[in-house]
Amino acid sequence: MRLGFFDGVPANLHRLQPTESGKRYVDYMGGANAVLRKAHESFDKGDYRWVAEVVNHVVFADPQNTAAKQLLADTYEQLGYQSESAPWRNFYLTGAMELRNGVQKGQAPAPQSPDTIQAMPLDMFLDYLGIRLNADRANGKTASFNLVLTDTKENCVLGVENSALHYSKGKGSQSADATVTMTRADLNSIMMGQTTMQKLVMAGNAKIDGNSQKLGEFVSWLDNFDFWFNIVTP
């Protein structure tokens, strides 16, 4: 039994990204055509788990390879039919659908539950902001802000250094780029996409003392997660 991704084999500690390893596997195996020729033979023998493993490398090496995508879709379909586990079946058949039709984007639910956002204590709320921080966008940049919440009587100083967000509750900094004063309720509304900081400031419901452009820059470093994303293709 193991906990986490590591199975104790050192080769699995720092594996290449699937797209990079896919290209190298395919090259080692003689190219995509050679892999698919052998994979079709294995498919005809019902060796679907092996076909899925090798053809997956071809798809990640070349996502435009239609023959590889169709063979992998057929393989996932067969594995789905044979699965006793409903979640396994659903993963296999969803993968087959994506390979054949691409990602079908429907109406996405709200990215954050209002009840969850409202119930978060401030430190958990700030941890969530840290999760959204895009390390590449924040690379080599710094920022610091005082946050004052007038309805909950809370305050903190938060900053960005080394592509990570840090904060200290109950403290402030005279050297911060800006001080933001608002209610926690309005902060929740921003997080849920119901309003923006600019609208709150214009309405007089929020105040920014200091470098407001720096605050806008910080917001641009935050990711908005897409509900619809590729599962079996890069």
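Q: Where is Thr195 found?
A: Thr195 is in the loop between helix H9 (184-191) and helix H10 (197-202). Helices here are DSSP runs of H or I with at least four residues, strands are runs of E with at least two, and both are numbered from the N terminus.

Q: Before we go on, what kind of model is this?
A: This is a predicted model: local features need pLDDT of at least 70, side-chain atom pairs count only at pLDDT 80 or more, and totals for chains, interfaces and linings use all residues. Residues are numbered from 1 along each chain as its sequence is written, and side-chain values use heavy atoms, with hydrogens and water left out.

Q: Back to Thr195. Buried or exposed?
A: Thr195 has a relative accessible area of 18%, so it is buried. Buried means under 20% relative accessible area, exposed means over 50%, and partly exposed is in between (1.4 Å probe, protein chains only).

Q: And what does Thr195 touch?
A: Asp186, Ser189, Ile190 and Leu200, leaving out residues up to four places away in sequence. Contact means heavy atoms within 4.5 Å.

Q: Switching to helix packing. How do H2 and H3 cross?
A: Helix H2 (residues 32-44) and helix H3 (residues 48-61) have axes that come within 9 Å and cross at roughly 165 degrees. Axes are lines fitted to C-alpha atoms, for helices over the stretch in contact, and angles run from 0 to 180 degrees between N-to-C directions.

Q: Parallel or antiparallel?
A: H2 and H3 are therefore roughly antiparallel. The cut-offs are under 35 degrees for roughly parallel, over 145 for roughly antiparallel, 65 to 115 for roughly perpendicular, and oblique for the rest.

Q: Left-handed or right-handed?
A: H2 passes H3 in a left-handed crossing. Left-handed means the near helix is turned anticlockwise from the far one by less than a right angle; clockwise is right-handed.

Q: Which residues make the contact?
A: From H2, Ala32, Val35, Leu36, Ala39, Ser42 and Phe43. From H3, Tyr48, Trp50, Val51, Val54, Val55 and Val58. By class, this H2 and H3 contact has eleven nonpolar, one polar and no charged residues. Ala, Val, Leu, Ile, Met, Phe, Trp, Tyr, Cys and Pro count as nonpolar, Asp, Glu, Lys and Arg as charged, and the others, Gly among them, as polar.

Q: What about H4 and H5, at what angle do they pack?
A: Helix H4 (residues 66-82) and helix H5 (residues 86-101) pack at about 160 degrees, with axes 8 Å apart. H4 and H5 are therefore roughly antiparallel. Their crossing is left-handed.

Q: Which residues meet there?
A: The H4 side includes Leu72, Asp74 and Glu77, and the H5 side includes Arg89, Leu93 and Arg100. By class, the contact of H4 with H5 has nine nonpolar, three polar and five charged residues.

Q: Aromatics next. How many pairs?
A: The whole structure has four aromatic pairs. Rings of Phe, Tyr and Trp (its six-membered ring) pair if their centres lie within 6.5 Å; planes under 30 degrees apart count as stacked, over 60 as edge-to-face and the rest as tilted. In one of them, the rings of Phe145 and Phe218 have centres 5.6 Å apart and planes at 50 degrees, so the pair is tilted.

Q: Where do Phe145 and Phe218 sit?
A: Phe145 is in strand S1 (residues 143-149) and Phe218 is in helix H11 (residues 212-220). The two are 73 residues apart, so the pair links distant parts of the chain. Phe145 and Phe218 are both buried.

Q: How is Trp221 placed against Phe218?
A: The ring centres of Phe218 and Trp221 are 6.3 Å apart and the planes are at 80 degrees, so the pair is edge-to-face. Trp221 is buried, with a relative accessible area of 1%. Ring pairs link Phe145, Phe218 and Trp221 into a cluster.

Q: Last topic, backbone. What is phi at Lys153?
A: Phi of Lys153 is positive, about 60 degrees, although Lys153 is not a glycine. Lys153 is in the loop between S1 and strand S2 (154-161). At 70% relative accessibility, Lys153 counts as exposed.

Q: And Asn162, what is phi there?
A: Phi of Asn162 is near 50 degrees, positive in a residue other than glycine. Asn162 is in the loop between S2 and S3. Asn162 is exposed, with a relative accessible area of 77%.
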